[in-house]
Amino acid sequence: MTLDRVPGEAGSTIELPAVMLVDGDEVTTAADDLAKVTVTAEVLENIRGTKVVIHKFKNKTGYHKRQGHRSELTRVKVTSIA
């Protein structure tokens, strides 16, 4: 799974908040029930996303502006949900 950058080096473990829990046909989204659930994940690597090129242009005025953006991402592997 890929997330926005979280602090941690490759090989370290982090705890993530549970947003929704699916157990067979039962779906849990209540905040009180999810507060009891802990999700542990292992950080596999820190990566950068693909480059997004932004080019603004206005006709007949000579105005153009180029800008780029790359997101900082972290690839994790969920090891346990308890």
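1. In this predicted model, Thr13 finds its bridge partner in strand S5, namely Glu42. Strands here are DSSP runs of E with at least two residues, numbered from the N terminus, while helices are runs of H or I with at least four residues. Four bridges link S2 to S5 (residues 39-48), and the two run antiparallel.

2. Residue numbers start from 1 along each chain as its sequence is written, and side-chain values use heavy atoms, with hydrogens and water left out. Because the model is predicted, local features need pLDDT of at least 70 and side-chain atom pairs count only at pLDDT 80 or more, whereas totals for chains, interfaces and linings use all residues.

3. The S2 and S5 pair belongs to an open sheet of four strands, ordered S1-S8-S5-S2, with antiparallel pairing. Strand S1 (2-4) and strand S2 (13-16) are the edge strands; each has a single partner strand, so one side of each lacks a neighbour in the sheet. From one strand to the next, the twist averages 50 degrees. For that angle, axes are lines fitted to C-alpha atoms (for helices, over the stretch in contact), and values run from 0 to 180 degrees between N-to-C directions.

4. Next, please look at Thr28, which lies in strand S4 (residues 26-28). Thr28 has a relative accessible area of 15% and is therefore buried; the classes are buried under 20%, exposed over 50% and partly exposed in between, with a 1.4 Å probe and protein chains only. Leaving aside residues up to four places away in sequence, Thr28 touches Met20, Leu21, Asp33 and Leu34. Contact here means heavy atoms within 4.5 Å.

5. Not counting residues up to four places away in sequence, His55 touches His64, Lys65 and Arg66, while Val52 touches Gln67, Gly68 and His69.

6. His55 and Ser80 are 25 residues apart along the chain, and their C-alpha atoms are separated by 43 Å. Val52 and Glu72 are 20 residues apart in sequence, with a C-alpha to C-alpha distance of 13 Å.

Key:
Two strands pair if DSSP finds at least two bridges between them.
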